[in-house]
Amino acid sequence: MGSGFSCSYLDDEKGLDHGGSSRTGLEGVPEMCLAVILGYLEPPEICKSAMLNKTFHRASSADFVWESKLPDNYQILFNKLKTSSSTSFNNFIKKDIYAFLSAPNRFGPGFTKEVWLEKKKGGVCISISWKGLKITGIDDRRYWNHLSSDESRFKSIAYLQQTWWLEVAGDLEFEFPAGIYSLFFRLQLSGAPKGHERRGTASKTVHGWDIKPVHFKLSTSDDQHAVTSCHLSKLNTWVYHHVGDFLVQNSNVATKIKFSMSQIDCTHTKGGLCLDSVFICPSELGQRIKKY
């Protein structure tokens, strides 16, 4: 596809070509014109259009169609997440780069973090497994169990049987595209996770969360802070507990964030808590999550 193209066929109000034959539908639309039109669609719609015929398929592969869907710092993200040092950024068309970044990519020590592009808007989402967090007493099986679970994208959760002192903390350094992001803890109060033998009903095993609230904190390297507190109450349902939002202005510089949840009042025990992960997403998606 060249950079110059003609759409003179649009000048014929009767839909006739220069030979006098009639045109129907989009059969005669030049490939470059189709690519321009596809550029106004969201990625899922572009992919559906590519299945119509060969012309749409070729038009949907134009670099400028997909570059507009990629975050400004997509080259930094691609180089950060690629698994092979021999993989050259220049060997990929923009469509393939978008497909790579849209798929979940593990990174960090132990590959306990996962990042992907939100397909409709192109925002970055990150999930951090409980294994990538610092949890007081996590290796003491009197308090915590490490359980497999199909309800987690990491196929594993941490289950708190009982403790006096709850403290979970984590940090992340990442080149977020510019924008506002929301951070959540994904938690569930339960007698035991689905797929595991129950140690008792939730009403008996889950205890202590109604006495004092759990405190959530978020801070960034550029001095942004958020603090929230709430009592945990919803049983047998995964809940995204919103910690706060933070603003990223420079997508070429890594943003450092720290976050935590705690309930360290030692006047009572608490138990029956499933801890899956920390989730970070664009605030627009975060607003939708908070409605549920």
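**Questions on a predicted model**

Reader: At 41% relative accessibility, does C266 count as buried, exposed or partly exposed?
Author: Buried means under 20% relative accessible area and exposed means over 50%, with partly exposed in between (1.4 Å probe, protein chains only). C266 has a relative accessibility of 41%, and therefore counts as partly exposed.

Reader: What pLDDT do local features need in this model?
Author: Residues are numbered from 1 along each chain as its sequence is written, and side-chain values use heavy atoms, with hydrogens and water left out. The model is a predicted one, in which totals for chains, interfaces and linings use all residues, side-chain atom pairs count only at pLDDT 80 or more, and local features need a pLDDT of at least 70.

Reader: How many disulfides does a search of the whole structure find?
Author: A disulfide is a covalent bond between the sulfur atoms of two cysteines, and the criterion applied here is a pair of cysteine sulfur atoms within 2.5 Å. C281 is buried, at 0% relative accessibility, but its sulfur is too far for a bond from the closest cysteine sulfur, that of C125, at 5.6 Å. Over the whole structure, the number of disulfides found is zero.

Reader: What share of the residues in the chain is buried?
Author: The accessible surface of the chain (Shrake-Rupley method, 1.4 Å probe; for residues, only the protein chains shown count as cover) comes to about 15,700 Å², with 52% of it belonging to carbon and sulfur atoms. Of the contacts (heavy atoms within 4.5 Å) with a separation of 6 or more, 69% join residues 24 or more positions apart. Among the 292 residues in the chain, the buried share is 45%.

Reader: How many residues does the second, separate core have?
Author: F259, in the largest core, is in contact with residues that include I128, L133, V168, L183, F185 and V278, once neighbours within four places in sequence are left aside. The second core, which is separate and has W116, F184, F279 and I289 among its members, has a residue count of seven.

Reader: Over what arc around the axis do the buried residues of α5 lie?
Author: In helix α5 (residues 74-81) the buried residues are Y74, L77, F78 and L81. What covers them includes α4, α6, β1, β2, β3 and β7. Taking the directions from the helix axis to the C-beta atoms, these residues are on the same side of α5, because they cover an arc of only 100°.

Reader: Which strands are the edge strands of the open sheet of five strands?
Author: Strands of a sheet pair through backbone hydrogen bonds, either parallel or antiparallel, and two strands count as paired here if DSSP finds at least two bridges between them. The open sheet has the order β4-β7-β12-β9-β10 with antiparallel pairing. The strands that pair on one side only are β4 and β10.

Reader: How many bridges pair β7 and β12?
Author: Strand β12 (residues 255-263) is joined to β9 by six bridges, with S219 as the bridge partner of K258 and T220 as that of I257. Seven of the nine residues of β12 are buried, so the strand is largely enclosed by the rest of the structure. On β7, E173 stands opposite K256, and the antiparallel bridges between β7 and β12 number nine.

Reader: What distance separates the C-alpha atoms of V248 and F176?
Author: S251, in the loop between β11 and β12, is buried at 9% relative accessibility, and its contacts beyond four places in sequence include D72, E175, F176 and P177. V248 lies in strand β11, is buried at 2% relative accessibility, and touches F176, P177 and A178 among others. Although V248 and F176 are 72 residues apart along the chain, their C-alpha atoms are separated by 6.8 Å.

How values were computed
Helix = DSSP H or I, 4+ residues; strand = E, 2+ residues; numbered from the N terminus. Core = buried A, V, L, I, M, F, W, Y, C linked by side-chain atoms within 4.5 Å.
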